[in-house]
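Good morning, colleagues. Please take a moment to look at the model on the screen before we discuss its fold.

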Amino acid sequence: PPDLCPAYSGVFQRMYKAECYFINGTEKVRFVKRYIYNREQLFHLDSNVGLFVGGTPYGEKQAHYRNSKLELLEYKWSQVDMFCRHNYEVYSPLFAER
Ligand SMILES: *[C@@H]1O[C@H](CO)[C@@H](O)[C@H](O)[C@H]1NC(C)=O
């Protein structure tokens with residue numbers, strides 16, 4: 001915001017975006033999670049790729065570190081079912097009513 005308290009020396013924003021793409025209902029689902037810092041995407045995970053991919057030098061290190069953790073990757077791979085398909089079942093009846 002333009003009207004910052006003078007005591008603030010900076011504003012730091014960390015943002016995560018989770019995206020689900022549905023192709024033919026839940027037949028083909030793609031999950032993308034973006035890790036953003038101060039409007040810059042540091043790294044992201046795309047279920048079609050299956051790994052974290054860096055977008056900046058720092059993001060590359062983060063991606064490399066995360067790619068070395070199999071249980072984290074397995075958790076991310078499960079998100080097409082646990083997060084995307086689950087939410088599709090919960091929300092699509094509501095959307096169909098409109
Ligand atoms: C869409 O999915 C249904 C099953 O849910 C399948 O029977 C149909 O062939 C699919 N259509 C296309 C265009 O892939």
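Which residues is A63 in contact with, leaving aside its neighbours within four places in sequence? With contact meaning heavy atoms within 4.5 Å, A63 touches F43, F52, V53 and G54.

A word on the basis of these values. This is a predicted model, in which local features need pLDDT of at least 70 and side-chain atom pairs count only at pLDDT 80 or more, while totals for chains, interfaces and linings use all residues. Residues are numbered from 1 along each chain as its sequence is written, and side-chain values use heavy atoms, with hydrogens and water left out.

A63 also belongs to the largest nonpolar core, which has 11 residues: V29, F31, Y35, L42, F43, L45, F52, A63, L73, V80 and C84. Such a core is a set of buried Ala, Val, Leu, Ile, Met, Phe, Trp, Tyr and Cys residues joined through side-chain atoms within 4.5 Å. Buried means under 20% relative accessible area, exposed over 50%, and partly exposed in between, with a 1.4 Å probe and protein chains only. At least two residues of this core come from each of β2 (28-37), β3 (40-46) and α3 (79-96); helices (H or I, at least four residues) and strands (E, at least two) are DSSP runs, numbered from the N terminus.

I turn to the sheet. Its 4 strands are arranged in the order β1-β2-β3-β4, as an open sheet with antiparallel pairing; two strands pair if DSSP finds at least two bridges between them. β1 (14-23) and β4 (52-54) each have a single partner strand and stand at the edges, so one side of each lacks a neighbour in the sheet. Between β1 and β2 there are 10 bridges, and M15 stands opposite I36 in β2. Helix α3 packs on the sheet, touching β1 and β2, and its direction makes about 105° with that of β2. For such angles, axes are lines fitted to C-alpha atoms, for helices over the stretch in contact, and angles run from 0 to 180 degrees between N-to-C directions.

How far apart are the sulfur atoms of C20 and C84? They lie 2.1 Å apart and form a disulfide, defined as a pair of cysteine sulfur atoms within 2.5 Å. The torsion about this S-S bond is about -80°, so the disulfide is left-handed. The pair links distant parts of the chain, with C20 in strand β1 and C84 in helix α3, 64 residues apart. C20 is partly exposed, at 25% relative accessible area, whereas C84 is buried, at 0%.
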